[in-house]
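Could you walk me through this model in my viewer? I would like to know what to select at each stop and what I will find there.

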Amino acid sequence: MTHRTRKSLAVLILTSLSWSPAPLVLSQTLLSQSALAQSVTPPTASTVRIGFFPNLTHAPALVAYEKGYYDTQIKGVKVETKEFTSGTTLNEAFAAGALDIGFIGPGPVINGAAKGMPVQIIAGSANAGAVLVARKDSGVRTLADLAGKNVAIPALANTQDVLLRNMLSGAGLKSQSDNGDVTIVSVAPADVGSAFLNKQIDAALVPEPWGAVLEAQGHKVIADEKSIWRGGNYPAAVVIVNTKFAQANPEIVKGFLKAHLQAVALLNKSPAAAQVAVSSALLKLANQKIDPRALQRAMQRTKFTADVDTEALKEYGQLNINAGYSRKLPDFDKLVNLTMLYSLMETQSKLPKPGASRTLMGIK
Amino acid sequence: MTTLTPAKVLRRSRNMTFVWQILGLLLIVGVWWLCTDVFKVKPQYVFPSPKDVWEEFYYGFWGSGPQDGKLLLSVGNSLRRVALGYVIAVGLGGIMGLLMSLWRPLRETFGAYLQGLQSVPSIAFVPFAILFLGLNERAVFFVVILEGFIPVALAVSGAVLNVPPAWRTAGRTLGATHFGLVTRVLLPAAVPNIVTGLRTAWSFSWRALIGAELLTSNLGLGRLLEIGRNTSNMALVMATIIIVGVIGALFDLLIRTLESRIRRDYGLEAGS
């Protein structure tokens with residue numbers, strides 16, 4: 001290459017660089033981010049991505065998924081459902097912007113919100129719905145027997161983990177990470193049965209239906225749904241939405257909430273029909289065939305509600321701090337936004353009351 | 001004008017390296033600060049700023065709250081685990097390596113398998129370790145020991161085999177017994193290569209530990225990574241990664257210094 005060609009090549013590259021869209025794109029993204037901060041509404045979405053996992057505390061999602069409520073209530077938009085196996089993975093997808101709406105335990109939500117994640121709780125899904133089960137040959141019959149034992153929770157720092165630590169401290173016990181002698185390990189609820197068989201763990205705090213499934217295998221419930229915390233009056237799963245998505249797509253969120261209320265109503269008014277839907281969804285999503293009697297028992301231990309007890313959430317936030325998973329509380333007034341839910345419930349309650357076989361609040 | 005002796009030149013170049021390293025660090029932190037606090041390339045829950053990470057360091061090491069001091073505790077637990085695991089790995093690996101070098105059938109069979117196992121990432125052994133030993137610290141030790149054992153065994157056997165045959169002959173001629181030949185000729189001659197193996201084994205064990213600690217209940221650096229991930233606390237994740245890197249580098253430096261001193265003593269490396 002001669003000196004001249006090299007020079008002209010350099011000029012060519014420089015000019016092409018200055019015309020290339022790279023700096024433009026960069027300034028645009030910077031602009032759009034500051035614009036978002038001033039809450040200029042982004043364009044409306046053509047797809048809504050809903051995430052949940054195959055647990056009974058997410059039953060409204062399972063019912064809506066199985067019955068096609070989302071597709072009928074959210075109009076003009078493609079509905080994509082995604083299944084997750086733990087709050088961690090769902091929360092990561094949410095943080096990465098790969099999900100718009102999600103069913104999740106309050107633990108990951110509160111932690112995420114405290115870190116500034118654009119998340120809002122727009123409805124409840126289920127209260128209680130978790131039990132502490134001991135392996136039949138573990139010799140554990142009371143909470144105090146857990147000293148020196150292995151106890152499983154679905155995921156580190158999730159709702160059951162925080163509640164287990166709270167129960168332990170109530171019984172004067174401590175986890176190993178707090179220099180106590182109770183070993184808390186994370187095991188996926190569906191794998192607790194085999195971990196019990198291998199005697200790897202002695203007890204597990206699991207969400208339903210896994211508690212009832214373990215019980216059907218002969219293992220013992222040593223703390224039922226009411227004795228875990230607050231007499232069972234605490235949100236085990238809530239519905240979250242990406243705040244930016246909600247601001248830009250109020251109609252989609254409204255449609256989702258209608259479907260959600262419809263599913264919750266079916267779960268409360270026609271448990272038998274709901275159970276069929278849940279069972280079939282669990283088979284499809286988790287590849288698990290749950291014994292109908294166990295499922296029925298599990299559903300009785302779970303209270304399906306679209307409402308959220310903010311007081312319970314605040315108390316949970318404090319337990320989360322006690323467990324060492326956070327140093328500060330999020331702003332709950334911003335985090336919980338039930339305005340749309342309540343206005344929907346109100347308009348529905350004004351309609352003539354449908355018969356018991358029909359769905360609650362008049363939504364079909 | 002002062003005269004520049006070789007020692008002074010060396011010291012000066014070392015001082016310059018140090019200065020460059022500090023400048024490089026400042027540059028990295030500066031760019032990091034620009035990306036986070038100034039331009040906000042990503043939100044805080046994805047890419048925390050140097051200040052957020054510093055806060056985690058502060059509470060993790062010097063905080064006085066009931067749940068603070070986790071970094072300190074984790075570093076202690078991790079070092080304890082890796083120290084014990086590494087010592088056992090070196091002991092077992094040393095014995096196995098020596099046996100392999102002395103006995104050909106063992107070398108041809110077991111040695112070949114070890115060579116293959118070395119390419120398997122440590123995390124792949126975790127499910128096996130859990131099923132075999134249970135969900136507890138023993139499973140962590142198993143993975144750490146296994147990962148350290150392989151490079152030590154291979155290094156020792158290779159190093160002993162590489163001792164020039166003439167030295168064996170000389171040892172025999174001078175009346176060394178079989179045992180004496182091993183302890184006074186072969187092993188001393190193999191020391192430089194063995195030390196290189198020890199260094200590899202250290203970094204293998206350390207990496208294996210962090211992976212395996214994801215399953216422990218007691219605090220450790222790997223566990224802390226998982227806590228950070230599960231609580232959306234990326235600052236904690238970054239702080240933990242920094243500590244893992246710094247500890248790994250410090251120990252590597254320590255063994256490397258030992259290695260280069262030994263190599264100098266053996267006349268394998270030019271010294272100052």
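## A tour of the chain B side

Start by selecting Arg229(B) and Glu92(A): in this predicted model, their side chains form a salt bridge, with N to O at 2.5 Å. It is one of two salt bridges counted between chain B and chain A. Polar contacts join 12 residue pairs across the two chains, counting pairs with both residues at pLDDT 80 or more.

Next, color the helices of chain B that face chain A.

Highlight Tyr45(B), Leu135(B) and Asn230(B), which supply 26% of the area chain B buries against chain A, more than any other three residues.

For the last stop, stay within chain B and select H2(B) with H10(B), residues 234–265. Their axes lie 8 Å apart at an angle of about 70 degrees, so H2(B) runs roughly perpendicular to H10(B). Show side chains to see who meets: from H2(B), Asp52(B), Val53(B), Glu56(B), Phe57(B) and Phe61(B); from H10(B), Ala235(B), Leu236(B), Met238(B), Ala239(B), Ile242(B) and Ile243(B). This helix contact has nine nonpolar residues, two charged and no polar ones.

How values were computed: Residues are numbered from 1 along each chain as its sequence is written. Chains are lettered from A and ligands numbered from 1 in the order in which they are written. Side-chain values use heavy atoms; hydrogens and water are left out. Buried area is the accessible area (1.4 Å probe) that two parts lose on being put together, summed over both. A salt bridge is a side-chain nitrogen of Lys or Arg within 4 Å of a carboxyl oxygen of Asp or Glu. A polar contact is a pair of N or O atoms within 3.5 Å; within protein, one must be able to donate a hydrogen and the other to accept it, and residues adjacent in sequence count only if both atoms are side-chain atoms. Axes are lines fitted to C-alpha atoms, for helices over the stretch in contact, and angles run from 0 to 180 degrees between N-to-C directions. Helices (H or I, at least four residues) and strands (E, at least two) are DSSP runs, numbered from the N terminus. Angles under 35 degrees count as roughly parallel, over 145 as roughly antiparallel, 65 to 115 as roughly perpendicular and the rest as oblique. Contact means heavy atoms within 4.5 Å. Ala, Val, Leu, Ile, Met, Phe, Trp, Tyr, Cys and Pro count as nonpolar, Asp, Glu, Lys and Arg as charged, and the others, Gly among them, as polar.
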